[in-house]
Amino acid sequence: MGKTYERLDGRLRRFIEDQVVFFVATAPLSAQGSVNLSPKGRAGTLIILDERTLAYLDFGGSHAETLAHLRENGRITLMWCAFSGPPTIVRVHGRGEPVFRDDPRFAALLARFDPRAADPSGLRSIIVVTAERISDSCGYAVPFLEYREERSLHREYFGRRTDEEFAAYCERKEYNGTSIDGLPALPLPLPPLPDPWVGPAETRSAETLRAETLSVENR
């Protein structure tokens with residue numbers, strides 16, 4: 001039987017942090033609008049900020065449906081499911097907010113992520129989710145799948161581009177500034193990254209990124 005929980009701690013927190021993929025669902029208010037469901041990977045790009053708040057990095061792509069729906073109504077559901085071990089599904093229903101690059105909170109939020117994962121190349125925003133309902137269920141029908149490794153294509157694709165080139169990429173994409181239903185999505189033109197995250201992170205070592213993160217946290 002599924003249960004609901006007051007907070008993300010203990011077993012739930014460990015389960016979420018152990019998963020290599022999670023899913024994000026949002027929808028517009030219009031009954032004729034398009035429901036969106038997105039898989040998310042890249043280790044270390046989702047963190048639990050406190051017992052009822054999570055955040056994940058929103059990277060560039062051909063669409064920005066999640067951003068559009070959150071800007072319109074804030075509704076969001078996150079889901080994790082076990083592809084190994086005991087059958088488990090965890091869902092967080094809540095309110096999401098995109099924190100964009102020019103938001104005063106952006107740099108401090110980015111500094112909460114592991115510097116090796118928080119590569120700002122191709123980073124559009126940080127999505128902060130406040131949980132309103134936390135639940136789990138059995139997941140008996142979810143198949144066993146063997147994890148091999150992360151795909152590096154996304155990181156490499158945007159890592160080869162300067163921040164200015166990434167901003168131009170966003171402006172060229174038909175469904176970045178607006179959703180497929182015409183809702184405002186990513187604010188354009190894309191603001192530059194705040195210091196010290198200017199330029200492709202691939203050009204800086206993990207030790208440098210870590211030192212930069214500590215510098216921001218101590219300001």
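Two strands are said to pair if DSSP finds at least two bridges between them, and the strands (E, at least two residues) and helices (H or I, at least four residues) named in these legends are DSSP runs numbered from the N terminus. The views show a predicted model, in which local features need pLDDT of at least 70 and side-chain atom pairs count only at pLDDT 80 or more, while totals for chains, interfaces and linings use all residues. Residues are numbered from 1 along each chain as its sequence is written, and side-chain values use heavy atoms, with hydrogens and water left out.

**View 1. Strand β6 and its two antiparallel partners.** Strand β2 (residues 22–26) pairs with β6 in the antiparallel sense over three bridges, and within this pairing V24 stands opposite L78 of β6. Strand β7 (residues 89–100) also runs antiparallel to β6, and seven bridges join the two; here C81 stands opposite I89 in β7. Strand β6 itself (residues 75–81) is mostly covered, since five of its seven residues are buried, where buried means under 20% relative accessible area, exposed over 50% and partly exposed in between, with a 1.4 Å probe and protein chains only. In a regular strand the side chains alternate between the two faces of the sheet.

**View 2. Strand β8 and the strands that pair with it.** Strand β8 (residues 123–137) is mostly covered, with 11 of its 15 residues buried. Strand β1 (residues 3–5) runs antiparallel to β8 and is joined to β8 by three bridges, with K3 opposite D136. The pairing of β5 with β8 is likewise antiparallel and extends over seven bridges, and F59 stands opposite L123 of β8. Between β7 and β8 there are 12 bridges, again in the antiparallel sense.

View 3. G96 lies in strand β7, and its bridge partner in β8 is V129. Because its relative accessibility is 10%, G96 counts as buried. Leaving aside neighbours within four places in sequence, G96 is in contact (heavy atoms within 4.5 Å) with L70, G74, I76, V128 and V129. The C-alpha atoms of G96 and H69, which are 27 residues apart along the chain, are separated by 9.3 Å.

**View 4. Helix α2 and the elements that cover it.** Which residues of α2 are buried? They are E65, T66, L67, A68, H69 and L70; with six of its eight residues buried, α2 is therefore largely enclosed by the rest of the structure. The cover over these buried residues includes β2, β3, β5, β6, β7 and β8. After α2 comes G74, whose phi is positive, near 80°.

**View 5. T88 and the cysteines.** T88 is found in the loop between β6 and β7 and, at 13% relative accessibility, counts as buried. Apart from neighbours within four places in sequence, the residues in contact with T88 are R11, F15, W80, C81, A82, S137 and C138. C81 is buried at a relative accessible area of 5%, and C170 is buried at 0%. A disulfide is a pair of cysteine sulfur atoms within 2.5 Å, and by this rule the count comes to zero disulfides.

**View 6. The largest pocket.** On a 1 Å grid over the protein atoms alone, a pocket is an open set of points with protein on both sides within 12 Å along at least five of seven lines, and lining residues have an atom within 4 Å of a point. The largest pocket has a volume of about 1100 Å³, a volume being the space filled by probe spheres set on the points, which are joined across faces, edges and corners. Of the 36 residues that line the largest pocket, V21, P39, K40, G41 and R42 are the closest to its centre. Two or more lining residues come from each of α1 (10–18), β3 (36–40), β5 (53–59), α2 (65–72) and α4 (153–159).

**View 7. The second largest pocket.** The second largest pocket holds about 230 Å³ of space, and of the 16 residues that line this pocket, I16, E17, Q19, G44 and L46 are the closest to its centre. The elements that give two or more residues to its lining are α1 and β4 (46–50), and the largest share, three residues, comes from β4.

How values were computed:
On a 1 Å grid over the protein atoms alone, a cavity is a set of points where a 1.4 Å probe fits but cannot get out, and a pocket is an open set with protein on both sides within 12 Å along at least five of seven lines; lining residues have an atom within 4 Å of a point.
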